[in-house]
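Try each task before you read its solution.

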Amino acid sequence: MNKFIKLPLYLAIVGALTTAALATVHQFTAPIIAENIIKAEEAALQELFEGAISVVLDEEPEHKFDKNEEKSGLVSLFIVSQDDTILGYVYKSSVVGYKGGVITFLISISPDGVYNGYKVVTMQDQTSGIGTKVADADFYEQFLDKEITSVSEIVKLDGATITTQPVVDAIKAATQHFSAHIKQ
Amino acid sequence: MDKKKVFIAGITKENPVLMMFLGMCPALAITTSIDNGIGMGLAVIIVLLLTNSIISLIRNTVPNEIRIPVYIIIIAAVVSIIEMLMQAYTPQLSTSLGIFIPLIVVNCIILGRAEAFASKNNILNSMIDALGMGLGFTLGIFLMSFVRQLLGTGVLNLHNMFDSSVVFFQFNIIPKDFVIDIFTQPTGAFLTLGFLVAIVNAITSAVKKHQANKKVEAK
């Protein structure tokens, strides 16, 4: 057979077969992966608000984020309450870190405006042992229990500026949104 | 071909990490904990087994001119499948290995074995080669992560990768005040690799000397 037909044909067949295999695996792993992300989000919320047995999540319609805040990574705002007392506010944020990997995390702010830390829900493609440290307690606890105005002084992680900068920016945006819209 | 020799070679004298310096990128980057080391090792063993057997199966039909693109497509597909399965069933491990799972595609061990072995040998031998090479790689990064986790955090532990709440073992060996933090950093990875390779070289040269002496005596 002519080489000009044979070679592309062979590659096309290999490509088609591998695509079929990928599609099949994707078909049955996609729902499990989506479920894992929701589970991680729930576990993160539980960890931020210890002992809150009935965590009620409410999306706030009247506090829409403006374009800049969305650019900083804020996705949605939850009110976490138990019975009738408000336990705190949670900003779900999603930022792009190193190499385009998306980091999704929950930023927690107490009702009186104290930033309570955050919890990483999912993290893609960050350098293990360097960028992934944003999920470690050592990193996020350094700006715990500070008034939301003073979050600007944060020690960044050595060698992981591309991962930490957007995370810090999102926390700033969340605290600013909080003081502008919710804090009385 | 001696099957036992093929298998042993991957673990000992052709060990990818300690003797051939292949797959250095994951070996240096993810070996911060035994969990990571064993997880990455298992992922590479599975990928190698699948790619080596597929490539060995098609070795007589694939046109010589396009064999490298064909191998790469197969390797990339297998790695993507493993990545999806890991995200679904070992989410914790997939988060902590991060970018280094998709990077298995360009791990020179995989393409190297496809080109050097699987494309020339039958499927059984290719699978034995994959198992030997994969175990050799796992042994190398396990040793690295063992040293780094022990010296860097003072704790040795292993979690069930399918359910991270299950701990197989946990030993607190070095008190937190005496750990050497640098071993969790990239610098520590290079130091660990250097010392391990030095030890391995010392052992192999001692063995060679011993064998040479024996030969002389025999004469």
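**Exercise 1. What volume does the largest cavity have, and which residues line it?**

Step 1: The largest cavity comes out at about 30 Å³; keep in mind that this is a predicted model.
Step 2: A search of the whole structure with a threshold of 30 Å³ or more turns up 1 cavity.
Step 3: Its lining is made of Glu14(B), Pro16(B), Met20(B), Leu22(B), Ile109(B), Arg113(B) and Met133(B).
Step 4: Sort that lining by class and you get 5 nonpolar and 2 charged residues, with no polar ones.

**Exercise 2. Which helix gives the most to the lining of the second largest pocket?**

Step 1: Start with the pocket itself, which has a volume of about 310 Å³.
Step 2: Count the lining: 14 residues, with Thr12(B), Met19(B), Val200(B), Ile203(B) and Thr204(B) nearest the pocket's centre.
Step 3: Helix α8 of chain B (residues 186-218) comes out on top, giving 7 residues.
Step 4: By class, the lining splits into 8 nonpolar, 4 polar and 2 charged residues.

**Exercise 3. Why is strand β1 of chain B described as largely enclosed?**

Step 1: Take residues 155-160 of chain B and apply the cut-off for buried, under 20% relative accessible area.
Step 2: 5 of the 6 residues pass, so the rest of the structure largely encloses β1(B).

Technical notes. Residues numbered from 1 in each chain as written. Chains lettered and ligands numbered in written order. Predicted model: local features only at pLDDT ≥ 70, side-chain atom pairs only at ≥ 80, totals over all residues. Heavy atoms only, no water. Buried < 20%, exposed > 50% of the residue type's maximum accessible area, 1.4 Å probe, protein only. Helix = DSSP H or I, 4+ residues; strand = E, 2+ residues; numbered from the N terminus. 1 Å grid on protein atoms, 1.4 Å probe; cavity = no way out; pocket = protein on both sides within 12 Å on 5 of 7 lines; lining within 4 Å. Points joined across faces, edges and corners; volume = space filled by probe spheres on them. Nonpolar A, V, L, I, M, F, W, Y, C, P; charged D, E, K, R; others polar.
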